[in-house]
Number of protein chains: 2
Amino acid sequence: MGEFELLARMRGQLPCLGPRVVLGSGDDAAISVPGGATVTSVDALVEGVHFRREHTSLAQIGHKALATALSDLAAMGAEPGEAYVALGIPDDLDEQGCLELLDGMAALASESRASLAGGDLSRAPDLFIAVTVVGHAPTPEAFVTRAGARPGDSLVLTGDLGAAAAGLALLENPPLETDFAFIDAIGGKKAKSALVGRQLEPSPRLGAGRALAAAGATAMIDLSDGLGGDARHIAAASGVALRIEAAALPIAEEVAAIAEATGREPLELAVGGGEDYELLAAIPAERVGEAADAVRRAEGCALTRIGEVLAGSDVEVRLPDGRILEPAGFDQLA
Amino acid sequence: MGEFELLARMRGQLPCLGPRVVLGSGDDAAISVPGGATVTSVDALVEGVHFRREHTSLAQIGHKALATALSDLAAMGAEPGEAYVALGIPDDLDEQGCLELLDGMAALASESRASLAGGDLSRAPDLFIAVTVVGHAPTPEAFVTRAGARPGDSLVLTGDLGAAAAGLALLENPPLETDFAFIDAIGGKKAKSALVGRQLEPSPRLGAGRALAAAGATAMIDLSDGLGGDARHIAAASGVALRIEAAALPIAEEVAAIAEATGREPLELAVGGGEDYELLAAIPAERVGEAADAVRRAEGCALTRIGEVLAGSDVEVRLPDGRILEPAGFDQLA
């Protein structure tokens, strides 16, 4: 398989290049005119570490590789721009397979208004996909880092928690996938597919991220590691403490049934599982309502107040019975 | 090994961030203010495909991963800016090893005035390094693509050919490495180390690339695949033919001895070996002298006129005896 021939075929399938891209894939480098300020993030998915081909179609792998990278742009409140892809191709992945993987990436790029502007193909012992994404805003101050949370801010969360971990639990328990009583309990086959989709094809919350930035978010992060660890990144970068109300956490409704079937605690799936790619943000308390409206308009999902920012450091959790676990309270739950 | 702890340690070692970087590694994404136009290129090095750890130190692997990416910026005539690194780390590479690899990258970044502005670490079955580099110029027109060569232009080449292939031949023939008579024949131990260095630690011709762009280069490419294949990329992208004079090719002086010792033709090592990372450019004939002066000042290396651009397509080679091999003449030599 010639790298250049394959790149050329791939190029034929790529979505239209964005307004900033002057020259796309095929020369020594792509040319663009960014204007304003940019954010850049790189993420890699590796076979056997982040995915298994027996669980996942190649299109889903391509989707997820781009989605996890775009999620970092969402967490900065950036407008998605260009993506550059390094693909390591094992011997058992043929040209058709590479194109399927690219299809998954191209579909999400189109939907997200991102451009696949360049790439590199290598032989590799195992499949990997490293994606570099560039996002845009008029000025660097328009981006939301992890570092600006202030005591008194509210802590808000998009969407819900635990669906990705529940989807993974389903994939790893094949008997559950064919247990009709269980499937009824979680809301039927469609709900089951949706859960698995939350694990295999996460949606980066790009619209919500820009809405939160516009509504004055002071700090923001996407939940890739799990609420506990990611909240601690905000606390450490901002030099504040976060108090999370366990009772306020929006846990996806199917999580309880899956936790029961797999012998785990719902809260463990919700806060420890990670990969939900929801956004956690600090925002001035008086702007939470405006932010929730904007997130609903932009993304069609809820924004829930799950706690507040305090002076101090680390993350504490208030349980429904009023007990406070501290610091790093989630470690005691998991 | 915690990804974030290691990233933080790495961050302590990184060269100063460049003038465009507002926020480096450690948040969801790095923030920069590019100004003007950018070029972006991604390149991956994979263990067992592009390098073997028994031939190469980890610092050299880091150096080469960044060098091959920066070479693409050189070929665009860009000022080097930011580099973003995705590292796949196998179980047998410990934290000290990762830092050695990063040291090699950081040293070249410092020397090249590039910033290591972000990164991602993953577990992986085999070591890989995917590097995305961003280069800059005031306007997109200032970059030199592969597509502007015009009939009548001269074809010029920086430095010399074959040293990287000769270095590889040395590495792959351990008996030669300890054959004193042979080492004398190629100019002594220092010359031997220099040849191996051309293979393991190539220097991106960043100064020469900018000098050639400023001197009016109409098309440019870096020699990663070998002169034959890379020349054909210019011919195809520009819609022209290239005639290369075999007698004019600047072949590194040690190549003849190594070709003899390994039973190969010097021209084969010089044109087929690849990885020299010299720049091949088309340039108006009347500006070759000015370009050569500028390249010598910027990079301390020669610029040699090796042929010309003609109407037509593909690449032909004129041998010293006057015979012309065509088209894609290098295939007949190799």
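User: Where does A:Arg113 lie?

Analyst: In this predicted model, A:Arg113 sits in the loop between helix H3 (95-112) and strand S5 (115-123) of chain A. Its phi is positive, about 55°, although A:Arg113 is not a glycine.

User: And how exposed is A:Arg113?

Analyst: A:Arg113 is partly exposed, with 14 other C-beta atoms within 10 Å.

User: What is phi of B:Asp314?

Analyst: Phi of B:Asp314 is near 70°, a positive value in a residue other than glycine. B:Asp314 is found in strand S12 of chain B. B:Asp314 counts as partly exposed, with 15 C-beta neighbours inside 10 Å.

User: Staying with S12(B), which way does it run relative to S9(B)?

Analyst: S9(B) and strand S12 (residues 314-318) of chain B run parallel and are joined by 5 bridges. Within this pair, B:Ile244 stands opposite B:Val317. S9(B) also pairs with strand S11 (residues 303-310) of chain B, in the antiparallel sense over 4 bridges. There, B:Ala241 stands opposite B:Leu310.

User: Which side chains of S9(B) are buried?

Analyst: B:Leu242 and B:Ile244 point to one face of strand S9 (residues 241-245) and are buried.

User: Turning to chain A, what is the strand order in its open sheet of 7 strands?

Analyst: The order is S8-S10-S7-S11-S9-S12-S13 in chain A, with mixed pairing. The edge strands, each pairing on one side only, are strand S8 (219-222) and strand S13 (324-325). Strand S9 (residues 241-245) and strand S12 (residues 314-318) of chain A pair in the parallel sense over 5 bridges. The bridge partner of A:Ala241 in S12(A) is A:Asp314.

User: Which strands do helices H9 and H12 of chain A lie across?

Analyst: Helix H9 (residues 227-238) lies across S8, S9, strand S10 (279-283) and S12 of chain A, and runs at about 130° to S12(A). Helix H12 (residues 288-299) lies across strand S7 (154-158), S10 and strand S11 (303-310) of chain A, at about 15° to S7(A).

User: How many residues of helix H4 of chain A are buried?

Analyst: Of the 9 residues of H4(A) (residues 163-171), 8 are buried, so the helix is largely enclosed by the rest of the structure. Among the buried residues are A:Ala163, A:Gly167, A:Leu168 and A:Leu170. The buried residues of H4(A) pack against helix H5 (174-177), helix H7 (189-200), helix H10 (255-261) and helix H11 (266-272) of chain A.

User: Which residues have the most contacts inside the largest nonpolar core?

Analyst: They are A:Ala83, A:Leu212, A:Ala291, B:Ala83, B:Leu212 and B:Ala291, in a core of 220 residues. Leaving aside neighbours within four places in sequence, B:Ala291 is in contact with B:Val156, B:Ala211, B:Leu212, B:Ala215, B:Ile283 and B:Leu303.

User: Now the two chains. What rotation superposes chain B on chain A?

Analyst: A rotation of 180°, with 0.0 Å of shift along its axis, superposes chain B on chain A at an RMSD of 0.0 Å. The two copies are thus related as by a two-fold rotation axis. The same surface serves both copies, as 100% of the contact residues of chain B recur in chain A.

User: How many residues of each chain are in contact?

Analyst: In chain B, 46 residues are in contact with 47 residues of chain A. The largest share of the chain B side, 9 residues, comes from S3(B). That side of chain B divides into 25 nonpolar, 12 polar and 9 charged residues.

User: Which strands form the open sheet of 6 strands?

Analyst: The order is S1(A)-S2(A)-S3(B)-S6(B)-S4(B)-S5(B), with mixed pairing. Strand S1 (21-23) of chain A and S5 of chain B are the edge strands, and the twist averages 25° from one strand to the next. H2(B) packs on this sheet, touching S3, S4 and S6 of chain B, and its direction makes about 145° with that of S3(B). S3(B) and S6(B) run antiparallel, joined by 10 bridges, and B:Val46 stands opposite B:Phe128.

User: How many bridges join S3 of chain A to S2(B)?

Analyst: There are 3 bridges between strand S3 (residues 37-46) of chain A and S2(B), and the two strands run antiparallel. One bridge partner in S2(B) is B:Ile31, for A:Val39.

How values were computed
Residues numbered from 1 in each chain as written. Chains lettered and ligands numbered in written order. Predicted model: local features only at pLDDT ≥ 70, side-chain atom pairs only at ≥ 80, totals over all residues. Least-squares fit on C-alpha atoms with pLDDT ≥ 70 in both. Contact = placed C-beta atoms within 7 Å. Nonpolar A, V, L, I, M, F, W, Y, C, P; charged D, E, K, R; others polar. Pairing = 2+ DSSP bridges. Core = buried A, V, L, I, M, F, W, Y, C linked by C-beta atoms within 7 Å. Buried ≥ 20, exposed ≤ 12 C-beta atoms within 10 Å, placed from the backbone. Axes fitted to C-alpha atoms, helices over the stretch in contact; angles between N-to-C directions.
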